[in-house]
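Here is a short report on one protein model. It looks at a pair of helices and then at a pocket.

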Amino acid sequence: MAALAVSYFNVSSPLTSSRDLSTHFSFSFISNSSASFANVKNPIKLHSHSLQFHQVASFLRKSRDAPAPTSASMATGSWKEDLPPALTSTSDPPPIFDGTTRLYISYTCPYAQRVWITRNCKGLQDKIKLVPVDLQNRPTWYKEKVYPPNKVPSLEHNNEVKGESLDLIKYIDSNFDGPSLFPDDTAKKELAEELFAYTGLFNQALVSLFKGDASEAGTALDFIETTLSKYDDGPFFLGQFSLVDIAYAPFIERFQPALLDLRKYDITEGRPNLSAWIEEMKKNEGYNQTRRDPKEHVETYKKRFLAPL
């Protein structure tokens, strides 16, 4: 029995991980007149008189073009961005409203990180220019010429500057190319809006733990644990990776190491869904490009909550 192996390789796409995906199809000649694919549930028998290369190519092309599931490893591929230095009070302003889309952030701000992650996961590193600002020594022109509230993040787009992180992640997802980060399903949309609204209460509850009150934090974390079990089509809040995961990731990134160090409180203990979510998020290249060293977060929270009186 002769064997012929046909291989088809599908390199990473915006909806797959940075590793190449490969699908191998092999078929063996059963007789002189037929062949069948060996690794499919329902083998496809092909007779020699009708085995045409264009038929095989069509079969492979359909496999290649099948929609890929939305995963945590969104839209970044092997893109490695050289991050610019943060602008300070002595820095000149960029040429504002020159047609360039700019995202003003701070490398250390969790709210700005939300929008930065969204930009990366949409694959927009070459479409939205990153403009980091030093919040401890911010330039006066930022308030005067860019964003009067003088906060980050803000987005300069179409001769306007918009702010507020949750509004901006939705705006970028809706107004720029790239994989959608928001579900079409009505029930999932409703849950997403509820979870967006809950982010403030969640953050307050976890901050209270630094002050010695564990009751609110436990309730908030248990709510997150339960919510992560709602859908079984993935490990994320809505099953598949979405803006909701982006909304929570910067804060959980900070709370996990800081609470463990300062209060000896492990937020994942007894919460396997949260633990799995954290590990899955670490596979997201768009998110990884924005992450800070956990030791930096610990030092930040030490200064904030353990400062000498």
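## Two helices side by side

A helix axis here is a line fitted to C-alpha atoms over the stretch in contact, and angles run from 0 to 180 degrees between N-to-C directions. Keep in mind that this model is predicted.

How do the axes of H5 and H7 cross? They come within 10 Å and cross at roughly 10 degrees. Angles under 35 degrees count as roughly parallel. H5 and H7 are therefore roughly parallel to each other.

## What meets between them

From H5, the residues in contact include Leu-195, Phe-196, Phe-202 and Leu-206. From H7, they include Ala-247, Phe-251, Phe-255 and Leu-259. Tyr-198 and Asn-203 in H5 are also among them, as is Tyr-248 in H7.

Sort the contact by class. It has 19 nonpolar residues, 2 polar ones and no charged ones.

## The largest pocket

The largest pocket has a volume of about 610 Å³. Its lining counts 26 residues. Closest to the centre are Thr-108, Cys-109, Pro-110, Arg-254 and Thr-300.

By class, the lining has 12 nonpolar, 7 polar and 7 charged residues.

## Where the lining comes from

Which helices each supply at least two residues of the lining? They are H2 (110-121), H5 (186-210), H7 (243-262) and H10 (294-305). H10 gives the most, with 7 residues.

Domain 1 (102-175) and domain 2 (186-306) each provide at least three residues.

How values were computed: Residues are numbered from 1 along each chain as its sequence is written. This is a predicted model: local features need pLDDT of at least 70, side-chain atom pairs count only at pLDDT 80 or more; totals for chains, interfaces and linings use all residues. Side-chain values use heavy atoms; hydrogens and water are left out. On a 1 Å grid over the protein atoms alone, a cavity is a set of points where a 1.4 Å probe fits but cannot get out, and a pocket is an open set with protein on both sides within 12 Å along at least five of seven lines; lining residues have an atom within 4 Å of a point. Grid points are joined across faces, edges and corners, and a volume is the space filled by probe spheres set on the points. Helices (H or I, at least four residues) and strands (E, at least two) are DSSP runs, numbered from the N terminus. Ala, Val, Leu, Ile, Met, Phe, Trp, Tyr, Cys and Pro count as nonpolar, Asp, Glu, Lys and Arg as charged, and the others, Gly among them, as polar. Domain bounds come from an automatic or database domain assignment. Angles under 35 degrees count as roughly parallel, over 145 as roughly antiparallel, 65 to 115 as roughly perpendicular and the rest as oblique. Contact means heavy atoms within 4.5 Å.
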